[in-house]
Amino acid sequence: MPIRVVLAEDNYLLRAGTSALLDALDDVELLAAVADLDELLAAVEEHRPDVVITDIRMPPDHGTEGLRAAARIRAEHPGTGVILLTQFADPQYAYEFLRGGAAGAGYLLKERIGDLSELERSLRQVASGGSALDPQLVEALVTRTERAEGSPLAGLTPRERDVLEQMAQGKSNAAIAKALVLTERAVQKHINSLFSKLGLGDAAELDRRVAAVLTLLESR
């Protein structure tokens with residue numbers, strides 16, 4: 001089944017360009033491409049998409065309409081994933097967006113969606129209930145939380161930090177192993193170690209991966 005998507009972007013050129021990228025993906029069906037908050041909410045009600053991709057700043061006020069829309073969509077349609085698009089890796093916006101949970105949530109820089117493979121991977125991760133955070137955002141979050149007094153990240157080794165950053169981007173163990181030039185067994189060993197250091201116990205694997213990502217957001 002294709003991933004059914006609604007796109008919200010007020011800039012015509014960006015909306016047209018992103019629409020073209022989505023149309024180029026074989027397993028993605030673009031249901032609607034809209035320009036403002038009201039049109040976005042109406043499209044979600046009409047189409048019930050698998051994933052919404054929305055800019056943070058949209059008409060009418062060009063404030064944080066997309067952020068507010070994301071919270072409403074996630075509350076009213078919990079089966080719909082949401083990917084926020086932004087020009088800046090702003091940890092505060094990410095925290096506001098993800099504090100309700102990282103499952104089915106993505107936060108990407110607009111420059112990232114030009115990479116078709118990255119766009120498709122992010123859509124698949126979010127549609128399946130995973131998370132997809134932009135690498136620049138993850139780096140900013142890790143740097144900030146490591147500096148905070150008493151941060152739970154302080155006890156991680158550099159390699160465990162690398163693995164956590166890759167996890168936060170929504171990557172599987174196999175993808176992490178490829179990115180870091182490790183074996184999957186080594187990746188799992190580092191993951192188990194960081195789970196232990198972050199006090200995540202013996203919950204289900206997916207729950208612990210999400211909790212580890214949230215540690216980046218909630219440790220201030």
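Mentor: 6 strands form an open sheet, in the order β2-β1-β3-β4-β5-β6, with parallel pairing. Strands are DSSP runs of E, at least two residues, and helices are runs of H or I, at least four, numbered from the N terminus. Two strands pair if DSSP finds at least two bridges between them.
Trainee: Which strands stand at the edges?
Mentor: β2 (28-34) and β6 (131-133). Each has a single partner strand, so one side of each is left without a neighbour in the sheet.
Trainee: Is this model predicted or what?
Mentor: This is a predicted model: local features need pLDDT of at least 70, side-chain atom pairs count only at pLDDT 80 or more, and totals for chains, interfaces and linings use all residues. Residues are numbered from 1 along each chain as its sequence is written, and side-chain values use heavy atoms, leaving out hydrogens and water.
Trainee: Back to strands. How many bridges pair β1 and β2?
Mentor: 6, in the parallel sense. Val6 stands opposite Ala32 in β2.
Trainee: And β4, buried or exposed?
Mentor: Mostly covered: 6 of the 6 residues in β4 (81-86) are buried. Buried means under 20% relative accessible area, exposed over 50%, partly exposed in between (1.4 Å probe, protein chains only).
Trainee: Which residues sit on each face of β4?
Mentor: Gly81, Ile83 and Leu85 on one side, Val82, Leu84 and Thr86 on the other.
Trainee: What stands opposite Gly106 in β5?
Mentor: Ile83. 5 bridges join β4 to β5 (residues 105-109), and the two run parallel.
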